[in-house]
Amino acid sequence: MNTSHSERLIVQEVAPRDGLQIEPTWVATTDKIALVDGLSQAGFTRIEAGSFVSPKAIPALRDGEEVFRGIARRAGVTYVALVPNLKGAQRAIAAGADEINLVMSASQTHNRANMRMSCEASLAGFGEIVAFAARHPVSLNATVATTFGCPFEGRIDEDRVLEIVAHYLALGIPNVTLADTTGMANPVQVRRIVTRALALLPASALTLHFHNTRGLGLVNVLAAYEAGARRFDAALGGLGGCPFAPGASGNICTEDLVNLCDEVGIDTGIDLPHLIAMSRRLPALLGHEVPGQVAKAGRNCDLHPVPAALQAA
């Protein structure tokens, strides 16, 4: 493994948005605010705190305004909102989002399922949002969903992905996320696409968003890191999944990712014991177990007492 351990890996926490959006149990606004506040205290510099989509489409996140207005903002933390259109961008900016994240799929079929419009219509809408955002102190990020494969169309042409990245940059959107929406990526493919993307924009402007649907999430992070990527989305407890992508289980788990980095000597600046404590409270909040591993097993350094039979020997 040829990692440059001197370079920090930036984790953007997405559980308050991507993690909660498909939860069947309503999470109270006060609990959402407490979740974001707890994450703010853990050392994250970027938190996706909510979204401003139609309440009919994603009822679990219908309280976006209240969450953004209720959180205790911490200096040095960028609070991100996902928005689907100009109306969502206007709501997010009015609520005080530091950054808005736009989403379009590389796959036409998935974009129609997810955004209810063609890719061309999505890009036209992005132009309106860029023009509006230019009048406000907000940064812009745009995501290429289904970068590494589509559950309806299968393989995605890598040239198309890079053309979309170039289009985003030309529109005046400086930050880009490449998303493995349904966990179809593999490390060889990841290394290749990340290398090509970094020829178009700096590592500080590129985020990778992996799901662990087929168990390759953390392997793909290491492949991307070795290729030069430095920013990654992850969700506390491994929560989440796309409501419009069949079979898409959760995002890569934040505490599992931070544990991996701690074990191999990659700095994240994030308090792992704090994260584990937060993750262990999720089942009571959500009413079900969560997929994260480290919160169940503990860290390698969390040793167990010697068995009594050995002590007596």
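**Salt bridges and the barrel**

Modeller: A search of the whole structure finds 12 salt bridges, a salt bridge being a side-chain nitrogen of Lys or Arg within 4 Å of a carboxyl oxygen of Asp or Glu. This is a predicted model, in which local features need pLDDT of at least 70 and side-chain atom pairs count only at pLDDT 80 or more, while totals for chains, interfaces and linings use all residues. Residues are numbered from 1 along each chain as its sequence is written, and side-chain values use heavy atoms, with hydrogens and water left out.

Colleague: With which residue does Glu48 form a salt bridge?

Modeller: The partner of Glu48 is Arg17, with the closest N and O atoms 2.9 Å apart. Glu48 belongs to strand S2 (residues 46–51) and Arg17 to helix H1, 31 residues apart; helices (H or I, at least four residues) and strands (E, at least two) are DSSP runs, numbered from the N terminus.

Colleague: Are Glu48 and Arg17 buried or exposed?

Modeller: Buried means under 20% relative accessible area, exposed over 50%, and partly exposed in between (1.4 Å probe, protein chains only). Both Glu48 and Arg17 are buried. A network of salt bridges links Arg17, Asp18 and Glu48.

Colleague: How are the strands of the barrel paired?

Modeller: Two strands pair if DSSP finds at least two bridges between them. Here, eight strands form a closed barrel in the order S1-S2-S3-S4-S5-S6-S7-S8, with parallel pairing. Strand S6 (residues 175–179) is joined to strand S7 (residues 206–209) by four bridges, and Leu178 has Leu208 in S7 as its bridge partner.
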